[in-house]
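Q: Could we go through this model together? I would like to begin with the annotation and then turn to the helices.

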Amino acid sequence: MTASAAETAWDPSQPILEIEHLSISFFTRLREIPAVMDFSCTVMPGEAMGLVGESGCGKSTVALAVMRELGKTGRIVSGSMKFKGRDLATMDDEELRHIRGSEIAMIYQEPMASLNPAMKIGAQLAEVPMLHSGMAKDEAWKLARQIVADVRLPDPDRIINAYPHQLSGGQQQRIVIAMALMAKPALLILDEPTTALDVTVEAGIVDLVKELGKKYGTSMLFISHNLGLVMDVCDRICVMYSGEAVETGNVTEVFDRMRHPYTQALFRSIPLPGADKNARPLISIPGNFPLPHERPKGCNFGPRCDYFEKGRCDETDVPMSRVPGDDRHESRCLRWQEIDWDAPPAKRAVKEKAKIGEVVLKMEDLRKYYSVSTGAFGGGARKVVKANETLSFEAREGETLAIVGESGCGKSTFAKVLMGLETATSGSIMLFDENVQSTPIQKRNTDTVSQVQMVFQNPFDTLNPSMTVGRQIIRALEIFNYGKSDAERHQRMLELLDLVKLPRAFADRMPRQLSGGQKQRVGIARAFAGGAKVVVADEPVSALDVSVQAAVTDLLMDIQRENKTTLLFISHDLSIVRYLSDRVMVMYLGHVVEMGTTDQVFAPPYHPYTEALLSAVPIADTKVTRKRIVLEGDIPSAMNPPPGCPFQTRCRWKSQVTPAGLCDREVPPVRVLEGGHHIKCHLSPEVLATMEPVIKIAAE
Amino acid sequence: MGLFVLRRLGVMLLTAIALTFVVFYLTNLPPNLEKLARTEGSVRMTDEAVQDWIVKNGHSGSIFLRYGQWLGVVPGWTYTDEKGQSRGRCFQIGQDPALAPRYCGLLQGNWGYSTFFKAPVAGSLGAKLAATGWLMLAVMLVMVPTSLLLGVLSGMREGSVTDRTLSTFSIATTATPEYVSGVILVALFATASTGISPLLASYGLIEPNKTLFLASATSAMDKITFWNFTLPVMTIALYGIGYIARMTRASMTEVMTQQYIRTARLKGVPFRSVVMKHALRNALIAPFTVIMLQFPWLLNGVVIVESLFNYKGFGWTLVQAASNNDIPLLLACSVVAVIVVLMTQLISDIGYVFLNPRIRLA
């Protein structure tokens, strides 16, 4: 066998994976689209390499190229990829098949889609050793069971006999990891492995990956858009922009002493602790990501770069150059030696804090229950799902109230009830002293509808693809009975485009001609068309790239300041919540477990769940130290919540509650601490006072 | 599950009643009844005599009452003429009406008396159904495996030469109606003067003046052989093969682009196993419904083919009943068709749940 011969010949002190000047293009009928250009990287044994960049920068293409899985249209144009000294680019199918799954394994973004829905978990796992080492079936199943236990899944015997849809998202991802580990590969490629998961589940997966990497000595190629996550997992990092690697080096080096303008801009656009929407707002990267066939001459980042020098940066292709003194630190910038990297950003505009006014929205004791049936044919027992349980709060004019929680916590149900898409089971919603609790949206009058509007999560699906942008906004104006004539509405539409900082010419464009960030701006313009007083923003930036996120967030803030809008910001991203909200409400399984001002919630005393949530969020700052609190298990299903306190199954403080067992029996009362800080927990004030901060920022 | 089936059966019953009533109404329109009177009585009857015949034979009165009688929920009609002789739905002339049952409709097992076959409907229809059953079985045995194979082969590599060839074949066969493909098949394989039979005969592979297959399936009523049954089976199957193969191909190409197929490939699974182990079961979920829908379609497909090949089955009977104004037989045929359609729908819905563990019916 050539494969085994090469294996023994490989010297473990040499790189596991060595990519040199790799270029990949996709060939369409019209043209060749270069996806990756002149990409080089080296992964040493046991090393974790992070590949970071925005969507479309080619990071996934690199990963798939290593697996030689580029589809019919993709082709490696030049360069080499050496795995253990053998060139992957020229391997034939049979050799590749021996390497795939046994020496290089991959973990994917969407675990549900990556598992075969019609095959049992055990069969999918056992297949790997049966294929690669010719293991007998029962032996392979035994190994599968053992690996399932290794990835810390409860009850492995049940799980290997289950189908994928019977597991939760976190469990599915653990199965995908188990599948990758079945053959003890030398290189593991992780393509955004936690993007589809909740933060507390993500923390568990990240810990598992790190631990297994150490245990088996596996090298990793970790692809992510999340800088914090990369800092957590990886030793080295490679930042990509528009098909090129722009900076590579040791993680701490690159984070603390970045030597490429794009890396710097990226760090300035993400909300790190210390950023503040008024005093230190985020700086978004101007302009848009270039399309692959519209890349500029010279430096790809040139048109968006603050340090751009005409006649130099746009003349020739920029090569990677070595940053001296550092451990394999390279930058693709001509001017990196001339730039003063420690200078503070020039155009940080300090904004005035908006004044918070009267109470606009008041909810009292709101409950929303659904009744569902459980049988496969519609029969079976009927169950009550308590999506929202005793929700009480008020929101004031000009205020940003963030609602934080993981999937299934009831935050979207709450938004639906407020909008009138669902009616509450009990309780009251007072909107400007009018009770709208049991009025569905069809029966609300136009005023109420235009006052409460929503910005949706996914801008790609919420615009009508066959209507121009201007038409969609005018349509909203018509519905809200705005203006007397079409001309008046047209004028207002143009003003709205100005408001969301889109050129007026965009009125005649179709949604497909817009980028994600631009679409979201149209969504915002539509929401504000009728002069909305309360805007529910349901994860408005989570589908956008980091550099665009900052711009869209700032836009929302600006409009809010001008119109004194009350913003209900629904998110799972605590960094952005800390950055922009005045008050925060943390939800878990339909209960509000903690509520207070942003400072109160982000500092001790915490609700135990908030504490875990905070510690789970990766922060891309080397100066920040975090206490690691990994929650065991998954979020319980809302169909079958635990008795007593909803969080008791995963709480690490449970043992400190007196009397013991109280958490199992009773839902805790809401404790009001000083300054109107609400915590729904049985812990005594003394114990709460002993809590330490989760995040510590080292002195600069 | 039980409740679901019960509810579905209830809906089916209502549908069946509504459908049979429509057929009953249409077949019992006055012109039909007059025609029946003239064929049963005499062609030269006067109009008054015709009306008299209709009244005497229980064809007058409300359509609902007559439908009820046919169904067996309304007492059968009786008529006593001037001579004191009684006739009625539930007894023969000469029998004592007092001894006869009051109800005698579908529910009592009385399907009526066929005016064309001069025999009770139930018995003659049963034999015909059995004949058609054999035909359908043979068609299914040929059609389902062939079409699934073609669909999977063309769907596993979208756009390949295999795919294009098989797709062209599938489209061609589905686009050709049975009366065209039947005639072509007969011309090609079952004539002594044209097609390939004379060629084979000249090579000495078959006897001179014999044909490769038989163009008439009448002899298959007694004994089914490869020789007499191939052409009718192929005529029906060809159309269905193209159709199901297209469905399977669409489903297969979709499955092949799924991420779990990529997962399997990147696990190092050989292509053959990717198709057989990972793609196949997922790809068969959609065609299953289509295959179940083929049963009712087969029932109407046999009308043409049975007439073409003179095979005396259900389709042939339906044609005879319609052209000879045989009302009870026509009604019975429609009852059978309605039951077959509704039952296959139910089976397909239930089967779907078992094939796809993620689906729930509610």
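A: A word on the annotation: UniProt positions are given in the numbering used here, feature names are shortened, and annotations may be inferred rather than shown by experiment. This is a predicted model, in which local features need pLDDT of at least 70, side-chain atom pairs count only at pLDDT 80 or more, and totals for chains, interfaces and linings use all residues. Residues are numbered from 1 along each chain as its sequence is written, and chains are lettered from A and ligands numbered from 1 in the order in which they are written.

Q: Where does UniProt place "domain: ABC transporter" in chain A?

A: The unreviewed UniProt entry puts that feature at residues 17–267 and 361–614 of chain A. Residues 17–267 of chain A are 40% helix and 27% strand. Helices (H or I, at least four residues) and strands (E, at least two) are DSSP runs, numbered from the N terminus.

Q: And which residues of chain B are listed as "transmembrane region"?

A: The unreviewed UniProt entry lists several stretches of chain B, including 134–154 and 226–245. Residues 134–154 of chain B are 100% helix, with end C-alpha atoms 30 Å apart. Residues 226–245 of chain B are also 100% helix, and their end C-alpha atoms are 25 Å apart.

Q: Back to chain A. At what angle do α5(A) and α6(A) pack?

A: Helix α5 (residues 121–132) and helix α6 (residues 137–150) of chain A pack at about 115°, with axes 8 Å apart. Axes are lines fitted to C-alpha atoms, for helices over the stretch in contact, and angles run from 0 to 180 degrees between N-to-C directions.

Q: Which residues of α5(A) and α6(A) meet there?

A: Among them are L125(A) and M130(A) in α5(A), and W141(A) and I147(A) in α6(A). Two residues are in contact if their C-beta atoms, placed from the backbone, lie within 7 Å.

Q: Is E127(A) buried or exposed?

A: E127(A), which lies in α5 of chain A, is buried, with 25 other C-beta atoms within 10 Å. A residue is buried if 20 or more other C-beta atoms lie within 10 Å of its own, exposed if 12 or fewer, and partly exposed in between.

Q: What does E127(A) contact, leaving aside its neighbours within four places in sequence?

A: It is in contact with K267(B) and V269(B).

Q: Why is α17(A) described as largely enclosed?

A: Because 11 of its 12 residues are buried, α17(A) is largely enclosed by the rest of the structure. The buried residues of α17(A) pack against elements of chain A including β18 (452–455) and α18 (546–563).
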